[in-house]
Amino acid sequence: MTMRPRATGTDGKRNTAPYQWVIEGDIKGCFDHIDHHALMQRIRRRVGDHRMTRLVVQFLKAGVLTKEQFVRTTAGTPQGGVISPLLANIALSVIEDRYERWVNHQSKIRRHRKADGVKAAMYARSSDRKAGRPVFFPVRYADDFVILVSGSREVALSEKNELAKHLRAALGLELSPEKTRISALTDGFEFLGHRVRLRWDQQFGYTPRLEIPRSKTADFRHRVKKLTGRNRILLSLSRQLQDLNPILRGWGNFYRYCTNAKPVLTGLDWYVGDRLWRWMRKKYPKAGAREIARHRRVVPPRPA
């Protein structure tokens, strides 16, 4: 992981974190405000086929149909389109271009270098950090991104303002001042539905942790509670399980690799079983507990 300290002290612990701050980026209406001219300029740098570029322009200018009303698109990539995520990803690559020195050397790579662009960027991060210069490392998935900052909070605040100017000039996009925050990595931040933070471990020192946010757990319990309410007692048990299983399977696979995921998933597993038990008691109010328990299949314990 990028946040994991590489060097250890004399005591064998990772006492110094490579990054201390994070800029949590949030773009206002990203898909709706991308400048078409700036986007096509970036596409034409790599695509020389004029037929293909004209087809992309036609897609951008095709417009959208909302509530039986046709709306022309003078900016942005229409959400729901087949290539909108791809075009937005191409446009937002300006973020990586700004931090090319610390991500992947493209235009600045030299012929006599034996290392590739990624290794050259790693050497640049190491040398800048040793020299006391600030280092910025972006992590992005579509329009969700964070900037890891090695330096002071003032450096992170200045870079936040410069990044806002860069996006405004390059693509006509604006950072949301309310949602774009600067946080310490020890306090943590949320990214792609996970909570990420640096935690001090008595044995190893600073250790990055990928955790399940409490808000996501509360949302999961709320969804299960709605699906096991009194208004669904007319459904069969098999139909109830068909509605629940995709949610349980998807949620479990998404968070299974988080730190301390086992006790959280175990607690949620008990909650789902309890809600199904209560739902069965409402469905069969005259049945006894033993009769209802016959519907429950005994699952053997999994090996540790």
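Glu96 is partly exposed, with a relative accessible area of 22%. Partly exposed here lies between buried, under 20% relative accessible area, and exposed, over 50%, with a 1.4 Å probe and protein chains only. In this predicted model, local features need pLDDT of at least 70 and side-chain atom pairs count only at pLDDT 80 or more, while totals for chains, interfaces and linings use all residues. Residues are numbered from 1 along each chain as its sequence is written, and side-chain values use heavy atoms, with hydrogens and water left out.

The side chain of Glu96 meets that of Arg140 in a salt bridge, at 3.0 Å from N to O. A salt bridge is a side-chain nitrogen of Lys or Arg within 4 Å of a carboxyl oxygen of Asp or Glu. The pair links distant parts of the chain. Arg140 sits in strand S4 (residues 135–141) and Glu96 in helix H4 (residues 94–98), 44 residues apart. Helices (H or I, at least four residues) and strands (E, at least two) are DSSP runs, numbered from the N terminus.

By this rule the count comes to 14 salt bridges. Among them is the pair Glu211 and Arg209, at 2.8 Å from N to O. Both Glu211 and Arg209 are buried. Arg239 pairs with Asp243, with the closest N and O atoms 3.3 Å apart. Both residues lie in helix H9 (residues 237–255). They are four residues apart, about one turn of the helix. Arg239 counts as partly exposed at 41% relative accessibility. Asp243 is also partly exposed, at 22%. A network of salt bridges links Arg101, Asp128 and Arg133. Side chains of opposite charge can pair when their charged atoms come close.

Helix H9 also packs with H8, at an angle of about 170° and with the axes 11 Å apart. Axes are lines fitted to C-alpha atoms, for helices over the stretch in contact, and angles run from 0 to 180 degrees between N-to-C directions. H8 and H9 are therefore roughly antiparallel to each other. Angles under 35 degrees count as roughly parallel, over 145 as roughly antiparallel, 65 to 115 as roughly perpendicular and the rest as oblique. H8 contributes Lys216, Thr217, Phe220, Arg223, Val224 and Leu227 to the contact. From H9 come Gln240, Asp243, Leu244, Ile247, Leu248, Trp251 and Tyr255. Contact means heavy atoms within 4.5 Å. The residues of this contact divide into eight nonpolar, two polar and three charged. Ala, Val, Leu, Ile, Met, Phe, Trp, Tyr, Cys and Pro count as nonpolar, Asp, Glu, Lys and Arg as charged, and the others, Gly among them, as polar.

Gly250 is placed in helix H9 as well. Gly250 is partly exposed, with a relative accessible area of 38%. Its C-alpha atom is separated by 24 Å from that of Pro208, 42 residues apart along the chain.

Helix H1 (residues 36–46) and helix H3 (residues 84–91) pack at an angle of about 85°, with their axes 9 Å apart. H1 is thus roughly perpendicular to H3. Leu39, Arg42 and Ile43 of H1 make the contact with Leu87, Ile90 and Ala91 of H3. Five of these residues are nonpolar, none is polar and one is charged.

Phe189 lies in strand S7 (residues 189–191). At 5% relative accessibility, Phe189 counts as buried. Residues up to four places away in sequence aside, Phe189 touches Met3, Val22, Glu24, Val146, His194, Arg195 and Val196. The C-alpha atoms of Phe189 and Ile23 are separated by 9.3 Å, although the two residues are 166 apart along the chain.

Ala142 is partly exposed, at 32% relative accessibility. Asn260 lies in the loop between H9 and helix H10 (261–283). Most residues other than glycine have a negative phi.

The protein chain averages a pLDDT of 84, and 90% of the residues score at least 70. pLDDT is the predictor's confidence in each residue, from 0 to 100. Confidence is highest in helix H8 (residues 214–227), at 94. Strand S2 (residues 64–66) has the lowest, at a mean of 68. Where pLDDT is low, the predicted coordinates should not be read in detail.
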